[in-house]
Amino acid sequence: MTTAPDRERVAQRLQRSSARNSYDPEVDIDWSAPIPADRYAKPPQRCSLYGTRMWEELTEPERIRLSQQEVVSSVSSGIWFELILMQGLVRHVYNSDPTSEHAQYALTEIADECRHSTMFGKAIAKMYGKPIGPSRVSRRAGRVFGALAGPTLIFAGALFVEELADGMQREIMRDDTLQPLSRMVSRIHVTEEARHISYAKDELVRACAGLSRFQRANLKLWLAAMAYTATQEFIHPKTYATVGLDPRVAWQVAKDNPHWQATKIQWVRKAVALFEELDLIDGPGRRLWLAAGLLER
Ligand SMILES: [Fe+2]
Ligand SMILES: [Fe+2]
């Protein structure tokens, strides 16, 4: 059996990388700097209404405000998901040998997520003053998911959400026309999440090799439900109300918007490719992936 040493080597490499390259958002972000009102928080072409008539009818300041509120909504759901992930990781460490590199890296990841959620909370306070979403139903579902989901589902779900956020945040951090706060928050998150993605991927590939048919069918369904919910929460309908739009109508316009559909597919493509390779997108769950607009039709 070569599995255990490999697992330990991966965890050791990730721990060394964490020690070399981690941020403290408390000191690495200038929280007192004002946010320029004339800069988008994410590229306009990546806003959910971009290219629609509704977008054309917004003024430039409204579009900029909407870009910021979309980021606020995405990081609000980011905190929600990080808290669920932390719960899952704590339970995973509880059942692991604390002298293993694997358990120690899980603790390192929990520490990263604690700092991320604090950073997102501060960014929300600075950008808008309060979180936007997630919905009450998803918060309730998250409570059950965080308390009960097994490590394989936790790692698969984490991988999906981390790739979705990574897709958006890589574009934000590279675009120097955007507002500095959104860019720095993205840079910190992308850097540290790259390790989480490797860890989750490695665990998922290993776990999938040993799944029974029943376990695999179960994982497919729950992963699809999780990906669907996380995607729905990525931009909460209330976001649109902040620029005077009808939340339900605007949410539907975004859902039908080909630009936004292509954006979501592009941002999750690495996760979807891995899940396809591991035979995790199939059966009844596939309909949920399609309904969430995450697969090419
Ligand atoms: Fe994070
Ligand atoms: Fe993470």
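User: Which atoms count as donors to a metal here?

Analyst: Donors are N, O and S atoms within 2.8 Å of the metal. This model is predicted. In it, the iron ion (ligand 2) and the iron ion (ligand 1) are 3.7 Å apart. Glu113 coordinates both.

User: Which residues coordinate the iron ion (ligand 2), and how are they spaced in sequence?

Analyst: Glu113, Glu162, Glu193 and His196 coordinate that ion, at 1.9 to 2.4 Å. The donor residues follow the spacing E-x48-E-x30-E-x2-H. Distant parts of the chain are linked this way: Glu113 sits in helix H5 (residues 101–127) and His196 in helix H8 (residues 180–209), 83 residues apart.

User: Are Glu113 and His196 buried or exposed?

Analyst: Both Glu113 and His196 are buried.

User: How do I read burial for Ser138?

Analyst: Look at the relative accessible area; under 20% means buried. Ser138 has 6%, so Ser138 is buried. This residue belongs to helix H6 (residues 136–148). Its side chain makes a polar contact of 3.2 Å with that of Ser135.

User: What lines the largest pocket?

Analyst: Start with the space, then the lining. The largest pocket holds about 560 Å³. Its lining has 26 residues, and among those nearest the centre are Phe145 and Trp222. Helices H4 (60–94), H6, H7 (151–174) and H9 (213–234) each give two or more residues. H9 supplies the largest share, nine residues.

User: How does that lining divide by residue type?

Analyst: The lining of the largest pocket has 18 nonpolar residues, eight polar and no charged.

Definitions and conventions:
Residues numbered from 1 in each chain as written. Chains lettered and ligands numbered in written order. Predicted model: local features only at pLDDT ≥ 70, side-chain atom pairs only at ≥ 80, totals over all residues. Heavy atoms only, no water. Helix = DSSP H or I, 4+ residues; strand = E, 2+ residues; numbered from the N terminus. Buried < 20%, exposed > 50% of the residue type's maximum accessible area, 1.4 Å probe, protein only. Polar contact = N/O pair within 3.5 Å; in protein donor to acceptor, adjacent residues only side chain to side chain. Donors = N, O, S within 2.8 Å, 3.2 Å for Na, K, Ca; no water. 1 Å grid on protein atoms, 1.4 Å probe; cavity = no way out; pocket = protein on both sides within 12 Å on 5 of 7 lines; lining within 4 Å. Points joined across faces, edges and corners; volume = space filled by probe spheres on them. Nonpolar A, V, L, I, M, F, W, Y, C, P; charged D, E, K, R; others polar.
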